[in-house]
Amino acid sequence: EDQNKKSPKRKIVLLMAYSGKGYHGMQRNLGSSQFKTIEDDLVSALVQSGCIPENHGEDMKKMSFQRCARTDKGVSAAGQIVSLKVRLIDDILEKINNHLPSHIRILGLKRVTGGFNSKNKCDARTYSYMLPTFAFAHKDHEVQEEVFRLDKETLMKVNKLLACYKGTHNFHNFTSQKGPKDPSAKRYIMEMYCGEPFVRENIEFAVIKVKGQSFMMHQIRKMIGLVIAVVKGYAPESIIERSWGEEKVDVPKAPGLGLVLERVHFEKYNRRFGNDGLHEPLEWTEEEEKIAVFKEQYIYPTIINTEREEKSMVNWLSTLPIHDFNSSAV
């Protein structure tokens with residue numbers, strides 16, 4: 001305890017990985033304890049390990065806490081970054097991890113400048129979305145989930161549609177509570193594509209990657225939901241262009257289960273401070289291996305097993321005919 005009190009407080013970032021199943025997202029909601037968040041477990045571990053005084057747990061501003069991305073309910077992360085002030089105690093990572101459940105790990109730590117804020121200084125975020133490929137089967141074909149395999153033509157079509165999202169567009173139809181005139185609905189997407197399919201436990205999956213400056217609530221799930229609706233034959237291809245216009249378009253929201261925050265990018269910060277002799281660039285090459293192992297152990301099995309048991313994609317696909325893709329939604 002005494003050693004802890006003498007340790008100087010320093011601004012750091014933590015590299016975090018977690019499986020989001022069973023949590024109501026990343027961000028803590030003080031006052032509603034029935035909804036457990038990732039930050040509830042993190043803050044409790046920071047207090048128990050002696051990195052922060054107990055009263056900082058109640059008021060996170062005291063430790064200048066900032067998360068890079070607020071992941072939604074059920075969403076996982078392989079490379080979330082939080083910035084905060086802590087006491088730099090010995091074996092700090094080991095001590096924090098000792099007080100965390102195994103499906104939440106701190107994989108790395110770096111010192112940063114005093115004014116660093118992980119949310120404001122982040123210039124891009126990369127997410128992945130893992131889904132069973134039968135989601136892309138045409139609606140008029142009878143599909144047996146375990147037997148379905150995605151053909152090259154359909155994958156090319158998926159990628160052609162995903163590429164439409166690249167650039168700056170008005171995504172007001174891809175989130176709630178934003179009108180077409182709201183300037184914050186304009187978002188910049190750098191890349192979006194679907195990789196080659198692979199089989200796990202008899203079901204074929206594929207992973208969609210998307211890198212953008214920042215995303216609004218539900219935006220990625222709706223971007224993917226709309227592409228699935230087009231590939232399955234429920235909606236015309238023209239709906240993507242139409243959704244950026246002013247009219248309200250009914251955009252279906254794919255399940256949260258497959259969504260993973262892969263990594264966050266600090267290119268501007270790295271150029272300015274990464275090689276100033278005092279601070280390291282926020283690159284995590286040495287941690288890549290640990291991130292890969294965590295995904296294989298906790299994130300992918302959770303997505304695959306939950307999909308098999310709860311059939312979230314199958315159930316969601318059955319709701320697509322209810323959407324009206326032709327007229328503008330009221």
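On a 1 Å grid over the protein atoms alone, a cavity is a set of points where a 1.4 Å probe fits but cannot get out, while a pocket is an open set with protein on both sides within 12 Å along at least five of seven lines, and lining residues are those with an atom within 4 Å of a point. The model in your viewer is predicted, so local features need pLDDT of at least 70 and side-chain atom pairs count only at pLDDT 80 or more, whereas totals for chains, interfaces and linings use all residues. Residues are numbered from 1 along each chain as its sequence is written, and side-chain values use heavy atoms, with hydrogens and water left out.

**The two domains**

Begin by colouring domain 1 (9-121) and domain 2 (124-261 + 294-322) separately; these bounds come from an automatic or database domain assignment. Their centres, taken over C-alpha atoms, are separated by 29 Å, and the contact (heavy atoms within 4.5 Å) takes 20 residues from domain 1 and 17 residues from domain 2. About 1,400 Å² is buried between domain 1 and domain 2, with carbon and sulfur atoms giving 60% of that area; buried area here is the accessible area (1.4 Å probe) that two parts lose on being put together, summed over both.

**The largest pocket**

Next, select Arg-70, Thr-71, Asp-72, Lys-73 and Met-217, which are the closest to the centre of the largest pocket among the 43 residues that line it. This pocket has a volume of about 1,000 Å³, a volume being the space filled by probe spheres set on the points, with grid points joined across faces, edges and corners. Domain 1 and domain 2 each contribute at least three residues to its lining. Now show α9 (288-310), which gives the largest share of that lining, five residues; helices (H or I, at least four residues) and strands (E, at least two) are DSSP runs, numbered from the N terminus.

**Salt bridges**

Finally, display the charged side chains: the whole structure holds 15 salt bridges, each a side-chain nitrogen of Lys or Arg within 4 Å of a carboxyl oxygen of Asp or Glu. The count between domain 1 and domain 2 is one. Select Lys-21 and Glu-310 to see a salt bridge with N to O at 3.5 Å. Then move to Glu-280 and Lys-110, whose closest N and O atoms are 3.5 Å apart in another salt bridge. Because Glu-280 lies in the loop between α8 (267-273) and α9, and Lys-110 in strand β4 (residues 104-111), this pair ties together parts that are 170 residues apart in sequence.
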